[in-house]
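User: I should like to learn how to read the features of a protein model in an orderly way. Could we work through an example together?

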Amino acid sequence: MTAAAVPSSLLTLLTSSVEETEAIGARLGAAASAGDVFALSGDLGAGKTAFVRGLAAGLGAPPHMVASPTFTMVAEYPGRVPLYHIDLYRLEPGGADLLALREYVYGPGVTAIEWFDRLPAGALDAYLGVRIEYGPPGRRLVFEGLGPRASALAAALAPGT
């Protein structure tokens, strides 16, 4: 990555329940539009799929259908725009084939990629990164962005919006 392509830190939020994590995802889903990419990272069980359930709700997709697509790699959910839920867990870091994912990432929907670190560094030129970490009282969601849409999406989470 070049210096211009380094993600910038935008926001950190704390959640104390799965419902709060889903609510943050829902706010972003309501603000999302076709072409937006959410790059999710965090340990197993950190809350990545819970975040995507919220994202689905905000997009008008059925959140109860969202589960980790670990064994299928990609799940699609209908909404006001389609939600493409990609899980790269089974791949080696840097081993994901971006060409195989292009139809989703550059398609007519919103894309959420779990285990984003499995993509080669610099693979995408725009995304909102969501790193979910364990931290008292529950989870810490750290948002980093690359590209102008990332800042706009993070602004949807600002207090009072």
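User: Against which elements do the buried residues of α1 pack?

Analyst: This is a predicted model, and that should be kept in mind throughout. The buried residues of α1 pack against the strands β1 (8–15), β2 (37–42), β6 (127–135) and β7 (138–146), and against the helices α2 (48–58) and α4 (148–155).

User: Which residues of α1 are buried, and which are exposed on the other side?

Analyst: The general idea comes first. An α-helix has 3.6 residues a turn, so residues three or four places apart point the same way. In α1, the buried residues are T21, I24, G25, L28 and G29. They cover an arc of only 140° around the axis, which puts them on the same side of α1. E19 and A30, on the other side of α1, are exposed.

User: What span should helix α1 have, given its 14 residues?

Analyst: At 1.5 Å a residue, the 14 residues of helix α1 (residues 18–31) should span 20 Å, and the C-alpha atoms at its ends are 20 Å apart, which agrees.

User: Which residues of α4 are buried?

Analyst: A150, L153 and A154 are buried in α4. Their arc around the axis is only 100°, which puts them on the same side of α4. The buried residues of α4 pack against β1, α1, β2, β6 and β7.

User: How many residues of α2 are buried?

Analyst: In α2, 9 of the 11 residues are buried, so this helix is largely enclosed by the rest of the structure. The buried residues are K48, T49, A50, F51, V52, G54, L55, A56 and G58. The cover over these residues of α2 includes α1, β2, β4, β5, β6 and β7.

User: Let us turn to the overall arrangement. In what order do the elements of the protein run from the N terminus?

Analyst: The protein has 4 helices and 7 strands. From the N terminus on, the order is β-α-β-α-β-β-α-β-β-β-α.

User: In what order do the strands stand in the sheet?

Analyst: The 7 strands form an open sheet in the order β1-β7-β6-β2-β5-β4-β3, with mixed pairing. β1 and β3 (74–77) stand at the edges with a single partner strand each, so one side of each is left without a neighbour in the sheet. On average, neighbouring strands of this sheet are turned by 20° against each other, direction ignored. Helix α1 packs on the sheet, touching β1, β2, β6 and β7, and its direction makes about 140° with that of β1.

User: Do β2 and β5 pair in the parallel or the antiparallel sense, and over how many bridges?

Analyst: β2 and strand β5 (residues 110–114) pair in the parallel sense over 4 bridges. Within this pair, A39 has I113 in β5 as its bridge partner.

User: How many bridges join β3 to β4, and how many residues lie between these strands?

Analyst: β3 and strand β4 (residues 83–87) run antiparallel and are joined by 4 bridges. The two form a hairpin with 5 residues between them. H85 in β4 is the bridge partner of A75.

User: Which residue has a positive phi although it is not a glycine?

Analyst: As background, most residues other than glycine have a negative phi. Here W115, which is not a glycine, has a positive phi of about 60°. W115 lies in the loop between β5 and β6, and at 11% relative accessibility it counts as buried, the cut-off being under 20%.

User: Where does G135 lie, and is it buried or exposed?

Analyst: G135 lies in strand β6 and, at 9% relative accessibility, counts as buried. The C-alpha atoms of G135 and S16 are separated by 9.3 Å, although these residues are 119 residues apart along the chain.

User: What share of the contacts with a separation of 6 or more comes from residues 24 or more positions apart, and what share of the residues is buried?

Analyst: Residues 24 or more positions apart account for 64% of the contacts in the protein with a separation of 6 or more. Of the 161 residues in the protein, 46% are buried. The protein exposes about 7400 Å², of which carbon and sulfur atoms supply 59%.

How values were computed: Residues numbered from 1 in each chain as written. Predicted model: local features only at pLDDT ≥ 70, side-chain atom pairs only at ≥ 80, totals over all residues. Heavy atoms only, no water. Expected span 1.5 Å × (residues − 1). Buried < 20%, exposed > 50% of the residue type's maximum accessible area, 1.4 Å probe, protein only. Arc of directions from axis to C-beta. Contact = heavy atoms within 4.5 Å. Areas by Shrake-Rupley, 256 points an atom, 1.4 Å probe, with all protein chains shown as cover. Pairing = 2+ DSSP bridges. Axes fitted to C-alpha atoms, helices over the stretch in contact; angles between N-to-C directions.
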